[in-house]
Each structure stands twice: as structure tokens, then as C-alpha cells.
Amino acid sequence: MAKKRVHEIAKERGITSKEALEVLRKAGLDVKVAASSVEEEEAARAFGNGAGASAPAPGAPKANAKSGDGKAARRAAGPPEPRPDIRPPEGEPVRRAG
């Protein structure tokens with residue numbers, strides 16, 4: 001079977017490399033950094049799904065996301081609101097820093 005890097009597995013699953021490393025280590029795999037390679041079959045077993053590494057369904061809660069770190073909430077919230085227009089009113093000079 002083919003090997004994959006930890007960061008590739010994390011990207012496919014929609015989690016951070018740090019979260020993927022944690023799951024793989026808890027499963028007993030010797031991984032040190034996101035560039036470490038693991039067998040796809042071993043990674044699938046570590047994540048508990050016997051099949052190949054596949055992305056989770058959109059909007060599905062992540063079982064291994066740390067609670068309270070805020071990252072999962074920010075990902076679920078979507079892109080940030082656009083910034084309001086901060087130009088000065090028409091006719092006023094533009095102040096430049098410096």
C-alpha cells in the first residue's frame with residue numbers, strides 16, 4: 001500500500017496537522033512531524049474507519065478536535081465579514097502616517 005505524509009492526511013480530513021499527529025501517536029505510530037510518512041492503511045486504522053483516508057462530510061463535527069481552542073468554531077463560522085469602508089468623507093484630506 002502507498003505511504004502518505006501526515007499533512008496530506010490532515011488536509012484530506014479537514015483537520016490540522018497537529019491534530020492528525022496526535023491521533024496517529026495515540027494509535028502507536030511513530031510520527032514526529034507533519035512531513036512524516038505513514039502507510040494509508042495504518043492511518044485509516046488510527047482514525048478508526050478501516051477504509052482509505054477520506055474527507056469528512058461537510059458540516060460534520062470533528063471527533064478529535066480539541067474543545068475550547070476556537071479553531072473548529074472559526075472554521076465552522078466561515079469567512080470573516082468584509083471590513084467597512086474606512087475612507088475619509090469626500091472633501092477631507094487624506095492623512096498619511098509617517
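Author: Here are some questions and answers on this predicted model.

Reader: How much of the chain is made up of buried residues?

Author: Buried here means under 20% relative accessible area. The chain has 98 residues, and the buried share of them is 18%.

Reader: And what share of the contacts with a separation of 6 or more comes from residues 24 or more positions apart?

Author: Take the contacts in the chain whose separation is 6 or more. Among these, residues 24 or more positions apart account for 64%.

Reader: Zooming in on K4: is this lysine buried or exposed?

Author: K4 sits in strand β1, which spans residues 3-5. The cut-off for buried is under 20% relative accessible area. K4 comes in at 17% relative accessibility, so K4 counts as buried.

Reader: Which side chain makes a polar contact with that of K4?

Author: Leaving out neighbours within four places in sequence, K4 is in contact with I9, E12, S36, S37, V38 and E40. One of these has a side chain joined to that of K4 by a polar contact of 2.3 Å, and that's E12.

Reader: On to α1: why do its buried residues lie on the same side?

Author: Helix α1 runs over residues 6-13, and its buried residues are V6, I9, A10 and R13. They share one side of α1 because the arc they cover around the axis is only 100°. In general, an α-helix has 3.6 residues a turn, so residues three or four places apart point the same way. For α1, then, the value to remember is that arc of 100°.

Reader: What covers those buried residues of α1?

Author: The cover is drawn from both strands and helices. It includes β1, α2 (17-26), β2 (37-39) and α3 (40-46).

Reader: How do α1 and α2 run relative to each other?

Author: V6, H7 and A10 of α1 meet S17, A20, L21 and L24 of α2. The two axes come within 8 Å and cross at roughly 110°. Angles of 65 to 115 degrees count as roughly perpendicular, so α1 and α2 are roughly perpendicular.

Reader: Which element gives the most residues to the largest nonpolar core?

Author: That core has 13 residues, and V6, L24, V31 and V38 touch the most other members. Elements giving two or more residues are α1, α2 and α3. The one that gives the most, with 4 residues, is α2.

Reader: What is V31 in contact with, beyond its neighbours within four places in sequence?

Author: V6, L24 and V38 are on the list, and they are also among the core members that touch the most others, as is V31.

How values were computed. Residues numbered from 1 in each chain as written. Predicted model: local features only at pLDDT ≥ 70, side-chain atom pairs only at ≥ 80, totals over all residues. Heavy atoms only, no water. Buried < 20%, exposed > 50% of the residue type's maximum accessible area, 1.4 Å probe, protein only. Polar contact = N/O pair within 3.5 Å; in protein donor to acceptor, adjacent residues only side chain to side chain. Contact = heavy atoms within 4.5 Å. Arc of directions from axis to C-beta. Core = buried A, V, L, I, M, F, W, Y, C linked by side-chain atoms within 4.5 Å. Axes fitted to C-alpha atoms, helices over the stretch in contact; angles between N-to-C directions. Parallel < 35°, antiparallel > 145°, perpendicular 65-115°, else oblique.
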